[in-house]
Amino acid sequence: MCGAIKGGPSLEGVDVQNQAVIQGVVTRDGQPVGNAYVRLLDRTGEFTAEVPTSATGQFRFFAGPGDWTLRTLAPKSVSVDNAVTAATGVVAEVAVAV
Amino acid sequence: MSRESALVTADWVEANLNDPKIVLVEVDEDVEAYDKGHIPGAVKLDWKKDLQDGVRHDFVSKEKLEALLSSKGIANDDTLVFYGGNNNWFAAYAYWYLKYYGHDNLRLLDGGRKKWELDSRELTTDVADRPATTYTAKDADTSIRAYRDEVIEAIGVKNLIDVRSPDEFAGRLLAPAHVPQEAAQIGGHIPTAGNVPWSKAANDDGTFKSDDELKALYADAGLDDAKDTIAYCRIGERSSHTWFVLKEILGHDNVKNYDGSWTEYGSLRGVPVALGDEPGVA
């Protein structure tokens, strides 16, 4: 489906060797932010996907290999950008502080 | 149609929460989102369980829609205000779908659930109690829905707009990047389609851009006002968002949503497919 699942979809049953996963956690003052939105922008800055964070602040994308930007929006915060490089068979972890 | 007749703001929704003839309807891709908290008084439609046939690869029939809306306590003369997650993709899909079956008063909440949450507005887990009605749908309005044969005939003739991300358009991704990249169909796009990602029509908070910005966006993309337009994406919900912009906000006449979209087209034998960032030739 096209839809976003909170925190990103489960890795259960997914052959991670064929995926370029980008995942992480959004925190504010060290505490997880469960009502943030993380969007994945491609190398030209164009929107590719967006997920709301889970109750524990987590998010996950299945990208392609290459350079990406994560843009995080949270209530009462300005948006925060984080650069990340994805590669097939690798899980790229990103810690986002808002 | 116009922005004023098709869109409402979060402030307007808050001011009208107690009007029984205005029904908020949440439609999410994450079908558990409503249960964790929704706008007070809102009813839930599950885009998969409620709106898809379940056997045939199609959405529910007129009769099933009538039974569904009756059970939700929705009357023919109610104003329905749709909202949801993912920048209103599925809310726009439900709006389009109700338009297809002839409901008169339809609105979309600008910014959807995200804007509401980012504004820290009230959410509740209380489920609205609306007595059942007897809802009557009209015959399908086929002027807003495109089928595959019409899409193939439109190559090089009508405006085709692919609203997926550039990487999906070019064939580098098969699905939006929040789902695993596994799909039966091949990658690419319908030849001669322009790529105007749905997201270019929205601000970061999910609200729609201004009329002037939207007009410039599609003019720059080469949309020919003299031609009919067909929008598509992967499964028809992001293209509902663009259909909404062109038809309901900007008031273009002949705009159709191809809800079969790339999952159907990219699985067909023998149809032309273009790869890469350029539209390609007919």
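A residue counts as buried if 20 or more other C-beta atoms, placed from the backbone, lie within 10 Å of its own, as exposed if 12 or fewer do, and as partly exposed in between. Strands (E, at least two residues) and helices (H or I, at least four) are DSSP runs numbered from the N terminus. The model is predicted, with local features needing pLDDT of at least 70 and side-chain atom pairs pLDDT 80 or more, while totals for chains, interfaces and linings use all residues. Residues are numbered from 1 along each chain as its sequence is written, and chains are lettered from A in the order in which they are written.

Let's start in chain A. Strand β5 (residues 58–63) is mostly covered, with five of its six residues buried. Strands pair if DSSP finds at least two bridges between them; here is one pairing from each chain.

| Strand | Partner | Direction | Bridges | Example |
|---|---|---|---|---|
| β1(A), residues 20–28 | β5(A) | antiparallel | six | A:V25 with A:Q58 |

Now to where the chains meet. Taking contact as C-beta atoms, placed from the backbone, within 7 Å, chain A brings 29 residues and chain B 28 residues. On the side of chain A that touches chain B, β3 (37–41), β4 (47–52) and β5 of chain A each supply at least two residues, and β4(A) gives the most, with six.

In chain B, an open sheet of four strands runs in the order β7-β6-β8-β9, with parallel pairing. Its edge strands, β7 (194–195) and β9 (255–257) of chain B, each pair on one side only.

Technical notes: Two residues are in contact if their C-beta atoms, placed from the backbone, lie within 7 Å.
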